[in-house]
Amino acid sequence: MRKGLIVIAICCLLVSALPVHTAGKLLGDGDDGNRTNPVHLIPLYDRDGIKIKAGDDKPQPFSLRQTCGKCHTYKTISGGWHFNSADPNVPAGRPGEPWVLVDFETRIQIPISGRGWPRTFRPAELGITSWPFLKHFSTHLPGGDYGEIPDTEDMQAILKGQVAGRYEINCLTCHNADRSQDQSDAALQAVRQNYKWVPTGSCGFAEVKGAVASLPEIFDPEFDEVPITVSYDKSRFNQADEVFIDIVRRPPANRCYFCHSTQDTARAGQLEWTRDEDVHLAAGLTCVDCHRHGLNHNITRGYEGEAWQTECQDSTNGSAATLSCKDCHMTGRLGAPVPKHPGIPLVHFEKLTCTACHSGNWPENKTGLVKTARIHKLGLHDIHHVDLELPHIASPVFVKGQDGKIAPHKLLWPAFWGRMKDKTVTPLMPAVVREAAVDALELDVESTETVNGWRPLKPEQILQVLKLLTEQQAEQGEAIYICGGKLYRITEEGKLEASEHEAARPYSWAIAHDVRPAAQSLGVRRCEDCHSTDGPFFFGEVAVDSPIVSEQDSIKKMVEFQDIDAVYAWVFAFSFVFRPWLKVVALGSCGLLGVILLLYGLKALACVVKVLAVEK
Amino acid sequence: MFRMISIIGFVVTFVGIAVCCIAFPCCKECGARPGQILRRLVRLCTLLLLEQKLSLLCVFKKLVYLIALLCFVILAVNGFFAVVVLERSISGYWIMLQTTAGGVFAVCVAILTVMWARRHRFNKSDWPGLRRILERITLVKSADEELLNRNQVDAVPGLGQKITFWLIVVLALPLILSMVSSMFPLFGTYWQELLLEVHRYSALLFALVAIVHIYLVIRTQMSS
């Protein structure tokens with residue numbers, strides 16, 4: 001009996017010593033509250049779950065699904081915001097930065113997003129399956145998403161997909177604090193279509209040679225040796241074939257910057273050092289102090305109203321409401337200064353977001369252009385470096401958002417050939433246009449002539465191309481071309497007509513960074529920072545981006561994007577000229593009233609004193 | 001809440017004025033027949049609009065009074081219509097109208113106060129009850145019986161008119177200052193909200209008192 005009790009006690013101790021596994025949860029899914037980063041001295045596993053050893057003759061690339069997935073539920077993580085744009089069931093939330101498909105020859109720039117934001121197009125609408133999607137956009141993709149959707153339509157995908165592998169979530173993109181983690185290298189592997197080699201090629205302790213992209217069309221991995229090799233730094237392996245990876249819960253800002261950088265073209269290159277960093281980062285905060293998430297990686301974007309928009313996706317995201325500008329700064333969270341906003345009428349907080357006054361570049365009379373890392377492929381420092389001028393993105397453009405408030409946006413004018421049926425516009429892929437309009441667009445003529453970054457286009461060429469497209473598959477709809485905010489079509493008389501159309505309107509997305517300090521916010525000097533008849537907030541000029549030579553100088557006033565009557569804006573701004581006079585007059589009137597009250601009040605007091613002092 | 005209070009305030013005021021008109025007509029010929037009402041309106045308009053033999057100063061006084069009246073109507077309608085009927089704050093061209101009329105109104109109120117303050121000062125004839133109490137306390141009899149009798153004959157402002165006049169002057173200060181001070185970078189968001197509430201409620205009181213004052217002025221003019 002006594003021995004039996006001892007055995008039972010020992011068994012209990014052993015069980016309690018085992019890693020905590022609640023139903024469906026792995027070791028790394030929870031957080032026991034200890035704030036140190038667990039040391040990740042871990043074995044690496046390849047795609048088939050086989051452990052990688054230092055002494056392997058032909059080492060395989062490690063798979064993070066297999067490696068990290070031993071302790072962290074990969075499926076849960078893959079539903080996060082960075083990896084779920086292909087899922088149509090995910091609430092899209094506020095419109096954000098799209099991918100942009102650019103084709104210089106056919107004069108195309110189309111905003112693309114799987115999220116279905118208004119005036120963007122899902123890849124499927126253009127016939128872009130996951131393989132061509134990766135070909136265009138994988139340099140700044142953290143893996144997962146379209147990278148893990150098998151492509152059974154694209155011939156290249158069928159031929160090479162088996163070798164290239166799936167582009168799994170690259171956890172190291174964010175969570176590897178080691179400075180040798182090289183996202184430019186990850187992008188290079190992606191350009192080479194070495195999708196399953198991406199984490200290995202960028203981790204800093206392995207080298208990948210070869211490229212799937214250079215394999216011949218007919219390549220059978222069953223019979224042909226895959227000419228892509230991996231060599232690990234063997235000194236990184238301990239005796240148990242484990243590797244230390246400096247994994248952190250809270251990625252440093254450096255990791256976020258690879259995909260989320262913006263370049264001000266007015267201060268590019270040699271002048272880059274003159275730009276100031278976001279005031280939050282300068283103050284010691286990091287991106288993840290505000291943009292947080294749990295295991296589900298449903299990262300908070302930090303805008304007002306986000307909680308209710310994403311509520312159906314994740315009920316725990318109610319905390320998103322506490323991580324917006326207003327909610328941190330009105331409560332002093334993380335030491336955020338509580339603003340006083342002296343002298344600012346309350347109506348400003350109803351009509352403007354916080355970012356309207358505090359974010360982006362100080363507005364100038366002519367809106368500047370910016371480049372973003374994801375759209376212009378910034379940060380590539382090898383043979384895959386590109387210097388893209390298109391698309392032109394104007395910023396800051398003050399636009400009234402879906403919430404009815406004016407906020408600074410980045411703005412892009414779409415340009416594409418398409419078909420219109422029942423007023424619905426569907427873009428055509430560049431390849432379709434190339435095939436149909438080689439002569440009309442002079443595609444067989446090598447030309448380096450550019451106008452404002454575009455290969456110039458003439459109205460006659462548009463007419464010619466539309467006629468050619470009309471001859472082909474007319475039943476799919478009327479051939480149209482959209483650019484510069486207009487829709488071009490052929491009239492019944494055979495002439496080219498330009499008109500307004502919803503699909504031709506520019507696509508814009510709100511920005512929040514870089515945040516300027518309070519002393520550099522709009523209105524800090526005087527009301528006329530915005531309310532003046534030539535002030536950039538209302539009357540700044542936004543260039544209309546178009547390949548058509550005759551439309552190059554078109555501009556739109558900022559007020560046209562704010563759903564405000566331009567005349568009213570001008571008259572209201574003009575009234576500020578008289579504001580000082582109003583103050584003087586009103587204060588003078590109050591002074592006079594006060595003096596009269598004082599005078600007669602003293603007289604009344606004198607009467608009372610006199611009456612009370614009277615003696616019979 | 002402000003909307004409800006405003007509605008109640010205006011209803012009570014107008015009902016009170018109507019009851020007063022009916023229960024205490026201002027003249028012997030006054031009645032409720034349409035012809036009599038029309039005669040009174042015509043007389044009122046002649047008092048306001050037709051050329052009269054007045055000195056330059058009186059003409060100026062009348063002009064300022066008419067402008068103040070017009071501005072008051074604009075401000076009251078523009079201000080309360082948006083809040084009470086539309087249940088939103090004033091915006092757009094209306095806010096510009098409100099600000100413009102407000103500036104003019106402030107000047108007019110100041111000028112009218114200067115011109116009418118003496119006329120509206122309180123004297124012993126305004127407080128017969130109080131005077132009797134004071135006589136009892138101090139045992140000093142008043143020698144202003146003639147003044148009392150004269151006041152009852154001439155069209156001088158009555159007690160009610162004087163009280164409403166001084167209330168208007170007192171209320172004009174928070175009404176104007178609450179808006180002007182919010183234009184300076186002195187007060188933060190919390191104080192801006194407070195100033196807006198002060199402006200709203202002082203505007204409401206001002207409007208009600210002004211309506212009563214205007215009624216009493218008309219009543220005094222009609223009865224003289």
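**Ground rules.** I number residues from 1 along each chain as its sequence is written, with chains lettered from A and ligands numbered from 1 in the order in which they are written. Since I have a predicted model, local features need pLDDT of at least 70 and side-chain atom pairs count only at pLDDT 80 or more, while totals for chains, interfaces and linings use all residues.

**What to expect.** Most peptide bonds are trans, and most residues other than glycine have a negative phi.

**Cis bonds.** I looked up the bond between A:Leu390 and A:Pro391 and found it cis, with omega about 0 degrees. I then placed A:Pro391 in the loop between α16 (373-376) and β9 (393-400). My helices are DSSP runs of H or I with at least four residues, my strands are runs of E with at least two, and both are numbered from the N terminus. Next I checked A:Ser395 to A:Pro396, and this peptide bond is cis too, with omega near -5 degrees. Here A:Pro396 sits in strand β9 itself.

I found A:Asp241 in the loop between β5 (229-232) and β6 (242-245). A:Asp241 has 14 other C-beta atoms within 10 Å, so I call it partly exposed (20 or more would be buried, 12 or fewer exposed, in between partly exposed, with C-beta atoms placed from the backbone).

My last stop was A:Leu334, another non-glycine residue with positive phi, near 55 degrees. I traced A:Leu334 to the loop between α13 (325-329) and α14 (347-351). A:Leu334 is partly exposed because it has 14 C-beta neighbours inside 10 Å.
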